[in-house]
Structures are given as structure tokens and as C-alpha cells.
Amino acid sequence: MPIVVEKLNHAYMEGSTLAHDALKDVTLTIGDGEFLGLIGHTGSGKSTFVQHLNGLLQPTSGSVTVDGFDMADKKQRVQGRRLVGMVFQYPEYQLFEETVAKDVAFGVKNMGVPEAEAMARADEAMALVGLAPERFRDKSPFELSGGEKRRAALAGIIVMRPKYLVLDEPMAGLDPLGRRDILDTIDHLRATLGCAVVMVSHSMDDMADRAERVAVLSAGTLLRVGSTAEIFGDAKFLLENGLDVPQVSRLALALRARGVALPETIYAMDEMELALCNLLGKGAEI
Amino acid sequence: MRDITLGQYFPGNSPIHRLDPRTKLLGMLAYIIVIFFVKKITVFLLPALFVAMVTYLARVPLSYLVRSLKPIRFLLVFMFFINLFMVKTGDLIWEWRFIQITEGGVYQAVYITLRLVLLLAGTSLMTLTTTPIALTDALEKLLTPFGKLGFPAHELAMMMTIALRFIPTLIEEADKIMKAQMARGADFESGNIFRRAKSMIPVLVPLFISAFRRADELAMAMESRCYHGGKGRTRMHVLRFAPRDAAAAAAFAAMTGMIVLVQALWV
Ligand SMILES: Nc1ncnc2c1ncn2[C@@H]1O[C@H](COP(=O)(O)OP(=O)(O)OP(=O)(O)O)[C@@H](O)[C@H]1O
Ligand SMILES: [Mg+2]
């Protein structure tokens, strides 16, 4: 069963002079096991939207249903929330326990899992995100490096075995290698756990590389949802809406502007490679 | 969480907003003293009129003033009933089993409630029209003469300014951390008081760590800009009394004079 978001509206500081509509009539369905990317300008409502998936915010109007559980209902919300693992931006700042293992186990312990089993699951989760349990288990989370902290925080979410993994800018503040590492970890988690992934990111390259479907938010409204090829194949649409395009698209645009006959929909490296080889094979001048 | 604000400043550019913060601060202190000298309910009419006039001049919506009473609504009700039931002077008005309500009780209950309402309305009016930073400035300026006695006026003001600056930041941060822990199944709403206190640990530890980190960073930033305390520091906004401050003082003195006169003649 999917997450169904229907006509979701959210206003911050309702009723005051500072009221602000952060989401307007957003309707979207997130299917089992899919990888949905969420892009949009800063302030477009991405973080607001993903917090609704976990019932951390309540709709001003409209509804969010996670596998049939209505997130507006207090009892159903508790059950729905267990299905959705939410990783906030800079999740490393939520670490608090004495040891990494204890911190990772926090979520499952809250679910009522007995201590021994919780610790076993913590080990498992740490291994999944690439933190060797025997090395990191008894370390203080505050002794870890930035990247390791982020992994530990990620482990703290997936230890609950969510059916949907929601990540709000999981790569913010990491270097290219660290970004790649986290992305690979996310792919690995999806493959081993079979969970759906909803990822917010400002990096179009990462999005184009990993997402299967992309939703574009602009000033609180859902501008467009489509397959990754459909959205990123339409560089004009992205640029018109003030969004960035993947680097390959930018290169393709620049080449086309100089008269190189490349198709308009190129956004991925392998496509570019293929197209260029084709052109060269035909003996075109570049 | 976000609704908690300390200063409840209502932005504006009215004559009251433009008064020197020192005038408003001292005025508020004097106002509190005056209110405590009022002996009769009827005399409250004078400070009430004064507050109404200031509210009108400041163009603060009445709803804001009423809202500032909200935090003490239970105290108001409590004080009202305590006085109503406990004060036993004058004629008996109503009796039911052990509950006796007397004329004196009703009078005292209304008197105390009015006094509290007027006190809060007056002080709120000041915080509504003065930014916390301006107030800190005023406090520093007013306390500077005590510096000769070793009183750290500047340091105190700087501490207050920094604290004020970081309150919204920390609230925002607490909000974020609470959400993150809620996403991990933390429950802040159920259980008895001990359980609830314990459930705050996952919020307080990261919050303290980040507060210390911020304090460290701020200290570094201040030092790297050669901050070395108050000695020889000039200010960007120099406080100056203007004619309107004299006018405000005169209006206040007039009200006080009338209260003294009315109480001396009729009460
Ligand atoms: N707690 C809040 N109170 C009031 N307004 C808020 C709050 N959080 C966000 N907003 C406002 O709602 C709008 C949407 O914010 P949101 O955080 O969802 O944007 P975003 O798309 O995640 O941006 P970014 O890419 O910068 O993270 C913004 O205009 C923001 O100012
Ligand atoms: Mg965001």
C-alpha cells in the first residue's frame, strides 16, 4: 500500500498576521519501493512536505494516509509513523547517548523491543550503513567524524526497518566523496530492505543519477511529477522555473548553442557518451 | 514551540514607540508603584484611562493587550476566588454550607483582579512598544553610574543582549531536535511527570551540546573582532531624551497628581 497525499495544505503561524501558506493543494502518491526525488527552490516547501509524511506536522486541510493509516488521527499516526523513517537535514545533531549502539537502538527501544534484541538490531543497522559494529559499538557518538556521525544517525532510523525512508538533504555539507558514499548507502539500503525512498536534494546531478521519479515543488505548489527522464529531459522547464539542471544537461545546452546536433533530452553521462560517439562516428565536426 | 516569545514587540512607529526606552522603563517602574498606592476601586479609573490613552497613541490593537493577559488567566481566576471566599468583612451576601460570600470579599476580589490586570496591561504596553534590545540599552545606560561601585553594567547588558539574540535560535533548534526524536518514536506527551522528565533527555543533551558549540563560536567571533569589554566602546544608537519624553513624563505626573488629589479629597 502506498502513501497517499491528498489536497494537502499547510499554513505556518495560522491566524496571525505572519500566516504563510507553505503548501497548496499538493496531491501525490508514493508507491512501494520507489525512489522519489523532491526538488524545488529554497523555501518551496520541501521540508514542510516531508514532515507531513511522518505526521510531524498536521495539515491545515487535506489528508495524508500511510498504508491506510490516517496521519491526522492520534492513534493511527503512531502506527503510520513506524512505517516512515525520517532523516532530517544534519541528523548528526540528534545523537545523544553514551555509545553509538545505544543511540542507534533508541528508536527500536521506543517501539518496545527488548534490550537484547534492540542491541542486535542496532549492530545489524550499523553494518548496513557501513559502520563496523565491533569497532563503533562502544564509541561515544561525539567522537565520530562528521561522515560517521551521519551514518550513525542514518542507522538510528533504519534500525526501525521503515517501509518508507524519507531523507531531507542527506548529503548537505559533505564533500563529493562523502556524498557519493551516502548515496551508495541509500541505494544499498533500498536493495537490501526493499524500502521506498523519498529524497530531498538540491543537487540535480545526484537526483538525475539516482531517482526514478521526480516531483517539482515551487512556492508550495506541486509543479510537475514525472519520471526522471521526463523531468530532466526537459531542461527548458527546469531553467524556466529557476532551477538548476544536471551538469551534463548544461554541457549539452552549451554544445547545442554552438551548433552540435545533440538531442534535447540528454541529461545523463552515458547518454551523452553515446550521442557524442554517434556524432563522431558520422564524422561530424565538434 | 515557536509561539513562545519573550519580548512580544509589536512593530510600529507611533510616538510611544519612539519614546526613549529609558523613559518607558522608568515610567513602567513608576507606574507599578503608583498602582500599588491606589486604595479604591473607583480610583483605578485614572490609570485605566492612562493605559487606554497610551494604547491609542501606540496604535497597538486591543487584542494584543488582551492576549498578554492570557498567561496569567489562571492566576487571575485563582486570586479572584481566593479573595471572594477568604475575605470575610461587611454584610453576608450569600451562603451555602461552609461557603460564605461577603460584601468585603466581593470588593476585595474585584480590587485585586483589577490591580493585576492594570499592572500587566501597563507593563505589556511597554514590552509591546519597545524592542528587547532597546530595553537592554536603556538598562545599561541607567545602570552605568553604578559602575563606579563595581557594578558590571555593560557586561550584564551584553549578556542579556546575547541571551535575547539566542532565544529564538534555541527554540527553533529544540523544535527541530524534538521532531527528530519523535520520528524515532520518542514520546513527550504521555506518562507521569518523572517519565516525561526522563523523555526530555534525548532533547536536552543535543540542545546543550549545540548551545555550548554556539557559545564557543560566538566567543571566538567576538574575540577575533577585538571585543574586550565595555571600556571605551562607543555606541551606534546613542540614546537621547527628546521633547516628547518630557511630554510623556508630564502626562504621567498629571495622572499621578490626580490620583493623589482624588485619594486625599474623597477617600
Ligand atoms: N516553522 C516555521 N514557521 C514559519 N514558517 C516556516 C517554518 N518553517 C518553514 N517556514 C516557511 O515555509 C516555507 C517553506 O519552508 P520549507 O522549510 O518547507 O522549505 P524548503 O523547500 O525545505 O527549503 P530549503 O531548500 O531551504 O530547505 C518557507 O517560506 C519558510 O519560510
Ligand atoms: Mg528544507
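The shell around ligand 1 divides into nine polar, three nonpolar and three charged residues, where Ala, Val, Leu, Ile, Met, Phe, Trp, Tyr, Cys and Pro count as nonpolar, Asp, Glu, Lys and Arg as charged, and the others, Gly among them, as polar. This is a predicted model, in which local features need pLDDT of at least 70 and side-chain atom pairs count only at pLDDT 80 or more, whereas totals for chains, interfaces and linings use all residues. Residues are numbered from 1 along each chain as its sequence is written, chains are lettered from A and ligands numbered from 1 in the order in which they are written, and side-chain values use heavy atoms, with hydrogens and water left out.

**Ligand 1**

- Ligand 1 lies between chains A and B, and 15 residues surround ligand 1, the closest being Thr42(A), Gly43(A), Lys46(A), Ser47(A) and Thr48(A); a residue is counted here if one of its heavy atoms lies within 4 Å of the molecule.
- Oxygen atoms of ligand 1 lie 2.8 Å from a backbone N or O atom of Gly43(A), 3.2 Å from a backbone N or O atom of Ser44(A) and 2.7 Å from an N or O atom in the side chain of Lys46(A).
- Taken alone, ligand 1 exposes 630 Å², of which the protein buries 72%, with accessible areas taken from the Shrake-Rupley method with a 1.4 Å probe, and for residues only the protein chains shown counting as cover.
- Strand 2 (20–30) and helix 1 (46–53) of chain A are the elements that give two or more residues to this shell, and helix 1 of chain A gives the most, with three residues; helices (H or I, at least four residues) and strands (E, at least two) are DSSP runs numbered from the N terminus.

**Contact between chains A and B**

- The contact (heavy atoms within 4.5 Å) takes 21 residues from chain A and 17 residues from chain B.
- Between them the two chains bury about 1,600 Å², 62% of it on carbon and sulfur atoms, buried area being the accessible area (1.4 Å probe) that two parts lose on being put together, summed over both.
- Lys179(B), Ala183(B) and Arg184(B) supply 44% of the area that chain B buries against chain A, more than any other three residues.

**Salt bridges**

- The rule, a side-chain nitrogen of Lys or Arg within 4 Å of a carboxyl oxygen of Asp or Glu, finds one salt bridge across the interface of chain B and chain A.
- Asp103(A) forms a salt bridge with Arg184(B), the closest N and O atoms being 3.1 Å apart.
- Over all chains the structure holds 22 salt bridges, including the one between Asp67(A) and Lys163(A), with the closest N and O atoms 2.5 Å apart.
- Asp67(A) lies in the loop between strand 4 (61–66) and strand 5 (69–70) of chain A and Lys163(A) in the loop between helix 6 (146–158) and strand 7 (164–168) of chain A, so the pair ties together parts that are 96 residues apart in sequence.

Note on methods: A polar contact is a pair of N or O atoms within 3.5 Å; within protein, one must be able to donate a hydrogen and the other to accept it, and residues adjacent in sequence count only if both atoms are side-chain atoms.
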